[in-house]
Amino acid sequence: MSSTNTTLNANNHNDSLLRFMTCGSVDDGKSTLIGRLLFDTKTILADTLTQISNTSKKRGMEAVDLSLLTDGLQAEREQGITIDVAYRYFSTGTRKYIIADAPGHEQYTRNMVTAASTANLAIILIDARRGVLTQTRRHSYLAHLVGIQHIVVAVNKMDLVNYDQAVYDKICADYLAFAKEIGFAQSREIRFIPMSALNGDMLVDRLDNMPWYTNETLLEILESAPAAHIDADEEFRFPVQFVCRPHASADADLHDFRGFMGRIESGNIAVGDAVTVLPNGYQSTIKAIQLGDVQLQEAQTEQSVTLLLADEIDTSRGDMIVKSSSAIQPVKQIEATVCWLSETPLSPARTYIIRHTTRESKAKVGTISYKVDVNTLEQQPTSDLKMNDIARIQFKLAQPLMVDSYNNNRATGAFIVIDESTNNTVGAGMIV
Amino acid sequence: MLNNTHKPLSHLDWLEAEAIHILREVAGQCSNPVLLFSGGKDSLCILRLAEKAFRPGRFPFPLLHIDTGHNYQEVIDFRDQRAAELGERLIVRSLEDSMKRGTIVLKNPDEPRNKHQSVTLLEAIEEFGFDCCIGGARRDEEKARAKERIMSFRDEFGQWDPKNQRPELWNLYNARSHKGENIRAFPISNWTEMDVWQYIERENLALPSIYFAHQRDVFMRGGAIFPANVPLANGEVINQPKNGEEIINMQVRFRTVGDITCTAPVISDADSVSKIVVETATTTITERGATRLDDQTSDASMEQRKKEGYF
Ligand SMILES: Nc1nc2c(ncn2[C@@H]2O[C@H](COP(=O)(O)OP(=O)(O)OP(=O)(O)O)[C@@H](O)[C@H]2O)c(=O)[nH]1
Ligand SMILES: [Mg+2]
């Protein structure tokens with residue numbers, strides 16, 4: 001192997017991964033920002049550039065419209081808006097990025113929530129001419145709700161306000177006041193950056209239009225943002241996805257093999273640890289941990305592994321393996337903040353399916369305590385829930401679930417609501 | 001092996017863990033899934049991921065190849081050999097059969113067959129009652145794919161409705177469907193071409209030889225390189241140059257294997273995986289741009305085909 005290869009591999013194998021999203025109001029420049037970031041990091045290859053530059057010309061634009069890089073659907077290109085999330089990828093050599101470009105239109109808020117649920121960092125764009133808008137607030141509130149830890153507020157289109165620092169300062173102050181109000185600023189770090197996505201100021205290159213801004217560029221912020229899931233304090237949670245029993249095998253070793261397959265949603269586990277299988281509460285110890293044909297002594301958050309227990313325990317998909325020192329009590333009632341995602345309103349009379357980790361339960365709506373007005377953040381009494389509404393709801397469950405509060409554990413605090421008649425995902429829930 | 005606990009996973013480890021999780025969700029949620037396997041590099045990665053997901057057990061799904069009839073014999077041989085090594089069941093359904101049934105009608109015998117694969121695929125889905133097809137599509141391949149969910153719902157006609165996709169939150173995948181409907185599951189959605197090559201290198205995966213630089217007779221047509229006079233399994237020879245198209249012998253490799261009539265090789269001297277990794281890092285043209293002649297017909301050809309049931 002040549003030396004270049006070795007370095008390339010070495011780099012890439014130490015590579016961490018960061019998932020981020022862009023959000024904010026309609027036309028604030030989210031798609032353009034991503035296009036510019038990809039362009040300036042040389043991620044866009046020649047043929048794609050030719051393709052979008054032809055499309056731009058066909059539409060009578062003078063410059064290449066970089067938003068066409070993520071607005072990939074016909075309908076999006078026709079209307080010049082983003083309808084659904086687009087995922088794009090780039091790598092800087094030290095880090096791989098997965099970007100989700102969320103739509104700004106209120107009508108597509110549910111797609112914004114989809115993008116937010118897997119992001120570790122959100123870039124909230126604000127049009128420098130328009131300042132903090134309703135949709136800026138809505139998206140900030142949703143980012144807060146979904147628990148995105150790192151927020152970058154990008155004041156965009158600075159070129160249209162003569163790169164004026166006073167405009168920037170005012171918007172930062174307005175935003176911070178609002179963020180404090182929703183309790184957004186207390187629990188996380190918010191960083192501000194002025195930019196022009198169109199020209200490329202402060203994305204990858206500084207350029208010289210804003211000498212008054214001396215903090216990090218966007219790419220520098222992204223490169224130094226902590227990767228997700230290194231929270232050492234989280235408890236071990238292992239929802240069983242699949243049970244491997246190759247018992248038909250004539251192989252004596254395999255005959256009694258019983259492996260519990262799943263992804264470690266949080267925490268760590270080591271061979272010899274005492275565990276409890278929920279909801280039944282059976283106790284055992286970890287006999288082996290396997291990843292493919294490799295035997296591990298321990299394993300950590302986000303790894304997909306197979307666990308073998310020392311005792312023969314009746315366990316199936318939907319059960320959860322936890323450390324005996326941090327077992328949870330299965331519950332048949334949950335209270336949660338729910339975003340309604342479906343055009344069909346929630347009907348309190350109906351039975352829904354709740355999917356939580358690898359487990360499903362039928363569920364009935366108990367009480368709806370209130371609905372949040374995302375513009376004023378006021379709590380209002382309500383009896384129904386329409387698309388994009390956010391409410392505090394109690395559910396009664398047919399099957400017990402093993403839950404943590406969403407604030408403590410994103411994986412075991414989240415669930416989706418499924419409409420049995422259509423099988424559609426109609427709600428996203430975060431347990432309080 | 002000891003792990004560095006509390007250190008985030010490397011990006012390849014993370015992508016691998018995500019893909020294994022998706023494969024296991026399919027196995028846990030669907031009653032009759034199938035894995036689409038072509039012998040190409042993406043589906044070979046998925047086979048390795050399936051081994052890591054399900055061994056020492058058998059795969060909880062058979063393998064299915066939709067054969068266009070326009071394949072390199074060595075890729076077909078490789079496909080059969082790999083399925084045999086794994087001891088997994090391989091189902092092959094071919095476009096020729098759909099043509100005999102009259103469900104595929106070609107305008108001319110040489111036309112690219114990629115887009116007709118949807119018909120044969122939907123027929124196979126109906127024949128076996130599959131409720132989920134696992135595929136190796138990646139979001140970085142094409143702008144319509146960049147929009148697709150990991151578990152993508154298709155209606156009774158196999159259609160994708162891009163404006164009305166199921167919300168997909170956290171890693172709580174919803175692979176439920178009613179009879180006749182279908183889920184397409186894409187475990188390597190978040191992988192790039194580079195990730196795939198790095199994974200092939202790390203896992204030491206064997207590939208059909210046409211992925212590596214080799215001498216080949218080619219000719220130029222419409223600015224693209226066409227492999228010349230390719231023999232098919234049935235004895236037919238396709239891609240014959242027309243008048244004035246001169247045959248040149250060049251060193252090329254394929255970045256993707258598909259229908260011979262519309263998959264162009266690239267000029268390359270990368271004869272090993274590690275050299276391909278380096279070439280991929282420095283390439284200036286996308287995988288599909290360089291090689292898929294059928295995606296270039298219009299700005300929205302992939303979206304159109306997906307709406308009609310294409311993978
Ligand atoms: N002058 C100027 N125009 C910009 C800048 N950023 C974006 N634009 C323009 O603003 C318009 C909207 O940009 P998009 O990137 O499509 O906006 P978006 O936020 O993705 O819109 P939605 O996704 O539909 O909510 C386009 O015409 C862009 O060219 C900027 O920094 N300066
Ligand atoms: Mg947009």
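Trainee: Which residue of β4(A) stands opposite A:Gly24?

Mentor: A:Leu125 does. This is a predicted model in which local features need pLDDT of at least 70, side-chain atom pairs need 80 or more, and totals for chains, interfaces and linings use all residues. Residues count from 1 along each chain as written, chains are lettered from A and ligands numbered from 1 in written order, and side-chain values use heavy atoms, without hydrogens or water.

Trainee: Why are β1 and β4 of chain A called paired strands?

Mentor: Strands are DSSP runs of E, at least two residues, numbered from the N terminus. Pairing takes at least two DSSP bridges. Five bridges join β1 (residues 16-24) to β4 (residues 121-127) in chain A, so the two strands pair. They run parallel.

Trainee: What makes β2 and β6 of chain A edge strands?

Mentor: The open sheet has the order β2-β3-β1-β4-β5-β6 in chain A, with mixed pairing. β2 (86-91) and β6 (189-194) each pair on one side only.

Trainee: How do you know that B:Arg255 and B:Glu193 form a salt bridge?

Mentor: The rule asks for a side-chain nitrogen of Lys or Arg within 4 Å of a carboxyl oxygen of Asp or Glu. Here the closest N and O atoms are 2.7 Å apart, so the pair qualifies. One salt bridge is found across the interface of domains 1 and 2 of chain B.

Trainee: What are the bounds of those domains?

Mentor: In chain B, domain 1 is 11-194 + 301-307 and domain 2 is 207-295, bounds from an automatic or database assignment. Between them, 26 residues of domain 1 are in contact (heavy atoms within 4.5 Å) with 28 of domain 2.

Notes: Helix = DSSP H or I, 4+ residues; strand = E, 2+ residues; numbered from the N terminus.
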